[in-house]
Amino acid sequence: MASRSLGGLSGSRGCSSGGKKSLGARNAAVERRNLITVCRFSVKTLIDRSCFETIDDSSPEFNNFAAVLEQILSHRLKGQVTWFGYESPRSFWDYIRVACRKVSQNCICSIENMENVSSSRAKGRAWIRVALMEKHLSEYISTALRDFKTTRRFYEDGAIVLGEEANMLAGMLLGLNAIDFSFCLKGEGLDGTFPAVIDYTPYLKFEQSSDSISSDEEELRTFGSSDSESSTPENVGPPLIMDENSWFNKCKRVRQKYQLTLEQKGYLEELLRLRENQLSETVSQNKILLQRIEDSDLAHKLEKEQLEYIIVELQDQLKSYQSLDQLSAEVSLSQTSLDPGHSQEEDGKQDTLNLISEGKEDTPSLLGLCGSLTSVASYKSLTSLKSNDYLGSPTTEMTSPGLTPS
């Protein structure tokens, strides 16, 4: 009897422990599902609000979305073990800082060097704002989730980033790339002293369309199938039975989606045609501009060659003028080198020529002779000859009557 009672007690304890485990797993699944659902609602409300006003720190939709994302990234995050064996809490920024290093042109270093942001939680909130302004939040999350080894090192089992919900999270955040955000990185929103609090009241009044409801039902079915694997066989419900009306409604939704897709296809084709026409016009204009540039370059080259030719001619003329000036200077020096007697004889010869010209009419031969005598070369040769005669016999030249003016 004692053994039976002990066996019964042990069996009841095993059943109670198994029930607690299944209840804990069910609660964890519900928590993950609620966070993902609220994140989807917050993204939709944020996109709707962006159509009417600019999203900044004062927008309640953004503050709620930031709180939801912070809760998701902090879900079942491991603590940091100190030297004494104690486990201190850490922020999701420690995980993002390590897992997002591979993103090209990331903002990790700039956030680390921010002066007004000191705590790890404040840096994580600043990263969310900067990634939204850069339109790269989905890329950051996808890159971090692909690094499964780092994710396993920072998160415990059952975390959202380790489950199937992580892929849905990256897809949800992709729609935020179409929104222009404007944030101030020095405001009160970066205060890391208080944890993020989610406001569920806006989503209690949230109205979904039929397409959104059907997508939510499909997601809930996937969640139910994933949860049923970890649950006990007692929780497995009957298979889903769809009647004729449900099939009719589903076909109607599919037809609506098909019509919408056709309209979008026609719009995109028309837009593509317009863009192709604009591209062809731009290419033709570009060709015309290139031809004008080539013509102007050719004209500039011709003008440059003409100016260079003119410069060469002017330089040649300048050199000839300089040679003439040098020659005239040599002639003047040769004239000053002669003595006064010789200058008197030259004056006498000039007087004789003047008398002859006064007594007789000018003839071409006489003009040619005078021109030859007054030319520079003949004058230079004459002066050189006379100077040689003077150097040969100075006394004879001075006393000879043949050189007198008579």
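These legends describe close-up views of a predicted model. Local features need pLDDT of at least 70, side-chain atom pairs count only at pLDDT 80 or more, and totals for chains, interfaces and linings use all residues. Residues are numbered from 1 along each chain as its sequence is written, and side-chain values use heavy atoms, with hydrogens and water left out.

**View 1. Helix H3 and its cover.** Helix H3 spans residues 92-99. Helices here are DSSP runs (H or I, at least four residues), numbered from the N terminus. 6 of the 8 residues of H3 are buried, so the helix is largely enclosed by the rest of the structure. Buried means under 20% relative accessible area, exposed over 50%, and partly exposed in between (1.4 Å probe, protein chains only). The buried residues are Phe92, Trp93, Asp94, Tyr95, Ile96 and Ala99. Their cover includes helix H2 (60-73), helix H4 (108-112), H5, helix H6 (137-146) and helix H7 (148-154).

**View 2. The largest nonpolar core.** This core holds 59 residues. A nonpolar core is a set of buried Ala, Val, Leu, Ile, Met, Phe, Trp, Tyr and Cys residues joined through side-chain atoms within 4.5 Å. Phe65, Trp127, Leu132, Leu137, Tyr155 and Leu176 touch the most other members. H2 gives the largest share, 8 residues. In soluble globular proteins, nonpolar side chains tend to be buried together.

View 3. Contact means heavy atoms within 4.5 Å.

**View 4. Arginine 129 in helix H5.** Arginine 129 lies in H5 (residues 120-134). This arginine is buried, at 4% relative accessibility. Its side chain reaches the backbone oxygen of arginine 125 at 3.2 Å.

**View 5. Alanine 196 in a loop.** Alanine 196 sits in the loop between H8 and helix H9 (201-204). Its relative accessible area is 15%, so alanine 196 is buried. Alanine 196 touches Ala67, Glu70, Gln71 and Arg125, not counting residues up to four places away in sequence. Alanine 66 is 130 residues from alanine 196 in sequence, but 8.0 Å away in space, C-alpha to C-alpha.

**View 6. Tyrosine 309 on the surface.** Tyrosine 309 belongs to helix H11 (residues 244-337). At 54% relative accessibility, this tyrosine is exposed.

Conventions:
Helix = DSSP H or I, 4+ residues; strand = E, 2+ residues; numbered from the N terminus. Polar contact = N/O pair within 3.5 Å; in protein donor to acceptor, adjacent residues only side chain to side chain.
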